[in-house]
Amino acid sequence: MSRPTILLITKDPTMPQLLHATAPPSSTILTASTIVEGMKLWQTTPPSLIVCEGSPQSMIPLLEFSRQTIPFLPIVAIGEGNSVRDAVAVLRAGAADYLVKPVTPEELQAVVTRLLHQPSTEAVSASQDRFAQIISVSPQMNLIKQLAREVAATDATVLITGESGTGKELFAQAIHAASPRARGPLIALNCAGIPEPLLEAELFGYQQGAFTDAKHSKPGRFQMAEGGTLFLDEIGEMSAAAQAKLLRVLEDHVVDPLGATRSQKVNLRVIAATNEDLPARIKAGQFRLDLYYRLNVYQLRIPPLRERPEDIEAILMVFLERARRERGCPIRAIAPEALVLLKHHDWPGNVRELHNVVEWLTITCKHPTIQPDHLPPSVRTPSAHHGAQREPRFSLLDLGLSLEELEKRLLQEALDKTAGNVSEASRLLKISRNTLRYRLAKHHLRPNHS
């Protein structure tokens with residue numbers, strides 16, 4: 001193999017010497033004392049392997065950045081103390097291995113040698129994981145991604161709600177790619193982007209002679225999505241007539257092309273998305289209640305960017321890294337004062353707006369570090385909604401789970417974080433061991449014996 005480059009991030013003065021003694025003789029070793037310094041070195045000289053010492057909270061942004069830029073770049077995490085909870089946290093975030101200090105030369109050499117020679121099939125698998133390509137470090141988004149992964153394995157109809165620019169289409173694509181229908185087509189239709197007189201023809205197709213300009217028969221989006229998934233974006237803009245026909249498709253799995261004398265059976269999954277308040281449109285008589293219930297089998301609400309400010313830096317750095325690779329963008333970092341301004345902005349356009357800010361910076365900023373005066377005026381100006389009036393509005397009710405489902409998920413997460421240790425899980429949940437055992441039995445969950 002070519003000369004590997006190993007990036008070591010540590011404050012321990014003994015670690016560089018230990019790594020030099022255990023790494024392959026041909027290795028180039030770069031050393032940084034902080035993750036920020038390490039990421040700057042990374043952008044100058046892409047590493048083959050990263051060895052990083054720190055807490056899970058400090059390492060997870062690095063793991064997220066790695067997953068978005070170089071999928072499955074092996075990262076070895078080194079932690080203080082033998083904490084199962086810390087190990088589980090960093091491994092679930094994408095670390096290839098977890099070592100506990102003090103690290104012996106033998107175990108470090110074994111891990112480094114294995115990871116430098118591991119096959120590349122994992123990288124290919126990661127690049128095909130659409131959920132891994134949705135940038136997030138916040139608990140809200142990571143939970144939504146987990147729920148989306150679970151529903152992807154079923155054939156249930158999914159309703160994705162959220163403001164414009166939050167990534168609803170990305171979730172639809174990820175659900176399809178992770179579903180049993182992944183081999184079939186994903187057909188998308190923006191219900192707001194097609195004039196109402198043409199919407200039914202686009203959805204259901206038409207037969208030759210069905211209307212004046214119908215010189216040839218044309219299949220609709222339902223027929224085109226046979227065996228796969230139909231993604232209906234901006235479903236709230238659908239006309240009343242199209243809503244009635246869509247309801248029949250969801251109920252009977254048949255479509256009636258315009259001008260046809262016979263119905264056609266279809267086999268597909270429907271994922272719908274909207275930035276509208278559908279219950280409000282129902283009250284206004286603009287959306288059918290029965291269709292809403294058919295679509296709302298499983299709802300995913302994608303939180304706006306202002307409710308998850310911890311995602312802003314991760315998204316920004318990934319966008320900048322892509323710009324650096326594609327166009328030679330000189331920006332390598334952002335000053336803390338500038339990041340504060342970004343986190344205080346309301347982001348009415350959400351991730352799409354943040355992407356536009358990055359595009360603006362790649363054109364106007366000629367410095368390696370983004371300073372406050374480099375940001376566009378719209379971001380530098382304090383939002384009228386910032387302050388006490390604007391608090392994060394993430395709500396557990398938005399997940400669409402019953403109390404029983406929520407309790408079961410909380411118990412399962414506690415078991416996962418503690419590797420099934422009842423004592424640690426009970427402390428994490430702040431309940432007694434007996435109460436935890438009772439609730440685990442109630443939900444048919446089985447911990448490790450402890």
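## Starting at Pro304

Let's begin with Pro304: its relative accessibility is 2%, so it counts as buried. Here, buried means under 20% relative accessible area, exposed means over 50%, and partly exposed is in between, using a 1.4 Å probe and protein chains only. This is a predicted model, where local features need pLDDT of at least 70 and side-chain atom pairs count only at pLDDT 80 or more, while totals for chains, interfaces and linings use all residues. Residues are numbered from 1 along each chain as its sequence is written, and side-chain values use heavy atoms, with hydrogens and water left out.

Where does Pro304 sit? You'll find Pro304 in the loop between strand E14 (298–301) and H14. Helices (H or I, at least four residues) and strands (E, at least two) are DSSP runs, numbered from the N terminus. Pro304 and Ser164 are 140 residues apart in sequence, with 8.6 Å between their C-alpha atoms. Setting aside neighbours within four places in sequence, Pro304 is in contact with Glu163, Thr166 and Asn350; contact means heavy atoms within 4.5 Å.

## The whole chain

Stepping back, the protein chain has 20 helices and 16 strands. Of its 450 residues, 46% are buried. Take the contacts between residues at least 6 apart in sequence: 69% of them join residues at least 24 apart.

What about the surface? The protein chain exposes about 22,400 Å², and carbon and sulfur atoms supply 54% of that. Accessible areas come from the Shrake-Rupley method with a 1.4 Å probe, and for residues only the protein chains shown count as cover.

## Helix H14

H14 is followed by Gly328, which has a positive phi near 70°.

Ile312 is found in H14, and at 0% relative accessibility Ile312 counts as buried. Which residues does Ile312 touch, not counting those up to four places away in sequence? They are Leu305, Leu342, Lys343, Trp347 and Leu354. Ile312 and Ile135 are 177 residues apart in sequence, yet 9.4 Å apart in space, C-alpha to C-alpha.

Ala201 belongs to helix H9 (residues 196–204) and, with 10% relative accessibility, counts as buried. Not counting residues up to four places away in sequence, Ala201 touches Tyr206, Gly220 and Leu258. Lys218 is 17 residues from Ala201 in sequence and 8.6 Å from it in space, C-alpha to C-alpha.

Then there's Gln223, in helix H10 (residues 221–224). Gln223 counts as buried at 17% relative accessibility. Leaving out residues up to four places away in sequence, Gln223 touches Leu203, Phe204, Gly205, Val255, Pro257 and Gln264.

## Where H19 meets H20

How do helix H19 and helix H20 cross? The axes of H19 (residues 422–429) and H20 (residues 433–442) come within 9 Å and cross at roughly 100°; axes are lines fitted to C-alpha atoms, for helices over the stretch in contact, and angles run from 0 to 180 degrees between N-to-C directions. That makes H19 roughly perpendicular to H20. For the cut-offs, angles under 35 degrees count as roughly parallel, over 145 as roughly antiparallel, 65 to 115 as roughly perpendicular and the rest as oblique.

On the H19 side, Val422, Ser423, Ala425, Ser426 and Leu429 meet Arg433, Leu436 and Arg437 of H20. The residues of this contact split into 4 nonpolar, 2 polar and 2 charged. Nonpolar covers Ala, Val, Leu, Ile, Met, Phe, Trp, Tyr, Cys and Pro; charged covers Asp, Glu, Lys and Arg; and the others, Gly among them, are polar.

Most residues other than glycine have a negative phi, and most peptide bonds are trans. A cis peptide bond, with omega about 0°, joins Lys101 and Pro102. Pro102 is in the loop between strand E5 (97–100) and helix H5 (105–116).

His253 isn't a glycine, but its phi is positive, at about 60°. His253 lies in the loop between helix H11 (240–252) and strand E11 (254–255) and is partly exposed, with a relative accessible area of 38%. His444, in the segment after H20, has a positive phi near 60°. Is His444 buried or exposed? With a relative accessible area of 71%, His444 is exposed.
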